[in-house]
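Thanks for coming. I have one structure to go through today, and I will keep it short. Please look at the screen.

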Amino acid sequence: MNEYSASKISDTLSVVKEIKETVPLAVSEVDGALSIMMGWFKNVVLYPVRQANLSYKYKYEHFENELRAKYNEIPDDKKCDPKLMISGPTLEALKYTFDEKELREMFLNLLASSMNADKSEIAHPSFVEVIK
């Protein structure tokens with residue numbers, strides 16, 4: 001081995017040693033930064049989603065109870081499936097107005113009417129737009 005090769009190997013080994021000492025620091029800094037970013041994302045960005053998920057279950061149960069109560073008021077021989085052209089737009093509109101009690105009540109009444117054979121003919125799809 002000549003002197004030039006020994007010097008090159010020594011330089012390479014010192015660079016490798018430096019890298020070995022620096023990489024753990026860089027990794028820990030990146031990990032720390034990543035942890036901070038993920039914590040921020042979870043606690044700040046996703047906070048409204050987490051809150052919405054908490055209230056979603058309550059709203060769903062509340063809606064189910066209200067609709068079931070209206071459905072149970074319909075005599076058994078008058079119960080029918082609602083028309084999709086009423087139930088679809090009504091449920092779509094409800095997702096934006098659920099927190100407004102008066103609007104929710106009107107939409108629930110429209111759904112209940114569409115499930116009552118005596119009233120289903122007068123439950124018109126345009127009522128969804130009128131209620132909106």
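First, the ground rules. This is a predicted model, where local features need pLDDT of at least 70, side-chain atom pairs count only at pLDDT 80 or more, and totals for chains, interfaces and linings use all residues. Residues are numbered from 1 along each chain as its sequence is written, and side-chain values use heavy atoms, with hydrogens and water left out.

Now the layout. The protein has five helices and zero strands, in the order α-α-α-α-α along the sequence. Helices here are DSSP runs of H or I with at least four residues, strands are runs of E with at least two, and both are numbered from the N terminus.

Of the 132 residues, 19% count as buried. Buried means under 20% relative accessible area, exposed over 50%, and partly exposed in between, with a 1.4 Å probe and protein chains only. The accessible surface is about 10,200 Å², and carbon and sulfur atoms account for 61% of it. Those areas come from the Shrake-Rupley method with a 1.4 Å probe; for residues, only the protein chains shown count as cover.

A contact is a pair with heavy atoms within 4.5 Å. Taking contacts between residues at least 6 apart in sequence, 66% join residues at least 24 apart.

Next, the core. A nonpolar core is a set of buried Ala, Val, Leu, Ile, Met, Phe, Trp, Tyr and Cys residues joined through side-chain atoms within 4.5 Å. The largest one has 15 residues, and those touching the most other members are Phe63, Leu67, Leu94, Phe107, Leu110, Leu111 and Val128. At least two residues each come from α2 (47–72), α3 (84–97), α4 (101–114) and α5 (126–131). The most come from α4, which gives four.

Take Leu94 as an example. Leaving aside residues up to four places away in sequence, Leu94 touches Phe63, Arg104, Phe107 and Leu111.

Now the loop between α4 and α5, where Met115 sits. Is Met115 buried or exposed? Met115 is buried, at 10% relative accessible area.

Ser120 is buried, with a relative accessible area of 10%. Beyond residues up to four places away in sequence, Ser120 touches Cys80, Lys83, Ser113 and Ser114.

That is where I stop.
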